[in-house]
Each structure stands twice: as C-alpha cells, then as structure tokens.
Amino acid sequence: MTLQVDIRKLSFINEMAKVGTNGVADNMGKLTGEDARMEVTKTNFIDVQDIKSQLDAGKRVGVRVRLLDEPHGHILILFPEASAKKITALMLRDVVDDMGNVSGKMARSAVEEMGNMMASGFIDGWADVLGRAIDTAAPQLVYAPAGDIVVRTAGLGGDDLALFFDSELSVPSYQIEAEIYAFPDLEEFVGMVNAIEPQTA
C-alpha cells in the first residue's frame, strides 16, 4: 500500500477539510438562522495511538457515519456534554416548553439528528469537490470518552494512520462546540488526491 501524497496535492487535502467544514457551517446556519462558522485549525495524518494522547478525558456524545462509497471509512461528529445539552434545547425548542420534561431518548434523538445533519454537510462538501456521489449508512450514536471513540473508530478501518481534522464550530447565540474527525480508507483517499490534476497559474 502506498500512502505517498504528491507534494503538489497537499493543498488539496486542506481544501477538502475547508469545503467539508463549510458544509457543516451552512447546515448549522440554516437550522439556527445565524451565520455559523467552522474553522479548520489543523489537518494532519497522525498515528492512531497518538490521537488519544492529544484528547482530554471528557466524555463526548455524537454520531459515527460510515461512507458506503469511495473513499469509504467513517466521519465522526462529537460534542462535549455541555454542548449536547444545548443542542437538545435547540432541536426541541419548537416542540417542548419545559426542557426538564425531556426524556433521555428524546435528548439522544436530538443529538443524533444534529450530528447527522452536520455529517451530511461535511460529506456533501467532499462529494462536490470529488465530483461523485458518496452514500452513507445510517448514523450510529456514540457516547464515551473522546479518545476511546476516536481510537475505536480509527481501528474499524484497520489503518495505523488517520486523517485528523482539528476544527472549531462557532454559533454565536448558542455557544455550541463540535469536533470533526475523518477516517477515510487511506489508500483510496491518497489515490483520489493524487489523481487530481494540479492547478496551474
């Protein structure tokens, strides 16, 4: 398996991250009626075992979405527990008057819907750039320490390396935080990147 990326194509990987997170922000903006921003602060190929050491021990709730088409793999959308509570309030604001009456099942469903919405925006952005459809399996709700979720998800692909996006979501009135991790099949992903014709001035 070759994972050597043509040096001329490295900017394309950053563009993939940018387009994907812009899709997330667009979907969040439609939901909240505000300008949502998601900034990618770092994109890197990183050893799976090193990811866990870079994450805090706090629990996360979110969704894992499997890509059924190239570049296959998984996308993770994770929220800190405080943000998950805000998401529940946001998603149920038009149907529940007293959030104290919200059941655990309703709260999980709200977070799952939000996570799936964000994952769809991310994947649609990738599909546009690659000029192909990317179908997905039904989202799977996850709840555990961040490092455990990330390592478990990365392990599903059997790769020792993962494509790691460090990103921050900002929705001003709601103070929602979210994290995105992409785990494409690395051989397929690198092959697709290397197949892209470099832009010439």
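Select residues 106-143, where UniProt places the feature "domain: CheC-like protein", from an unreviewed entry. UniProt positions are given in the numbering used here, feature names are shortened, and annotations may be inferred rather than shown by experiment. The end C-alpha atoms of this span lie 15 Å apart, and the span is 66% helix and 11% strand. Helices (H or I, at least four residues) and strands (E, at least two) are DSSP runs, numbered from the N terminus.

The model is predicted: local features need pLDDT of at least 70, side-chain atom pairs count only at pLDDT 80 or more, and totals for chains, interfaces and linings use all residues. Residues are numbered from 1 along each chain as its sequence is written, and side-chain values use heavy atoms, with hydrogens and water left out.

**Whole chain**

Colour the chain by secondary structure. There are six helices and six strands, in the order α-β-α-β-β-α-α-β-α-β-β-α along the sequence. Of the 201 residues, 45% count as buried (buried means under 20% relative accessible area, exposed over 50%, partly exposed in between; 1.4 Å probe, protein chains only). Among contacts (heavy atoms within 4.5 Å) with a separation of 6 or more, 78% are between residues 24 or more positions apart.

**Helices α3 and α4**

Next select α3 (residues 81-91) and α4 (residues 104-130); their axes come within 9 Å and cross at roughly 90°. Axes are lines fitted to C-alpha atoms, for helices over the stretch in contact, and angles run from 0 to 180 degrees between N-to-C directions. The two helices are therefore roughly perpendicular; angles under 35 degrees count as roughly parallel, over 145 as roughly antiparallel, 65 to 115 as roughly perpendicular and the rest as oblique. Show side chains for Ala 84, Ile 87, Thr 88, Leu 90 and Met 91 of α3, and for Ala 107, Ala 110, Val 111, Glu 113, Met 114 and Met 117 of α4, which make the contact. These residues divide into nine nonpolar, one polar and one charged. Here Ala, Val, Leu, Ile, Met, Phe, Trp, Tyr, Cys and Pro count as nonpolar, Asp, Glu, Lys and Arg as charged, and the others, Gly among them, as polar.

Stay on α3 and pick Ser 83. Ser 83 is buried, with a relative accessible area of 3%. Leaving aside neighbours within four places in sequence, Ser 83 is in contact with Gln 175, Ile 176 and Glu 177.

**The β2-β3 loop**

Go to the loop between β2 (59-66) and β3 (74-80), where Pro 71 is found. The peptide bond from Glu 70 to Pro 71 is cis, with omega near 10°. In this loop, too, lies His 72; His 72 has a positive phi of about 50° although it is not a glycine. Most residues other than glycine have a negative phi, and most peptide bonds are trans. His 72 is partly exposed, at 28% relative accessible area.

Move on to His 74, in strand β3. His 74 is buried, with a relative accessible area of 12%. Not counting residues up to four places away in sequence, His 74 touches Arg 64, Val 65, Arg 66, Thr 153, Leu 156, Tyr 181, Ala 182, Phe 183 and Pro 184.

**Helix α2**

Finish at Lys 52, in helix α2 (residues 48-53). Lys 52 is partly exposed, with a relative accessible area of 40%. Its contacts beyond four places in sequence are Gly 147, Asp 148 and Val 151. Select Val 150 as well: Lys 52 and Val 150 are 98 residues apart in sequence and 7.3 Å apart in space, C-alpha to C-alpha.
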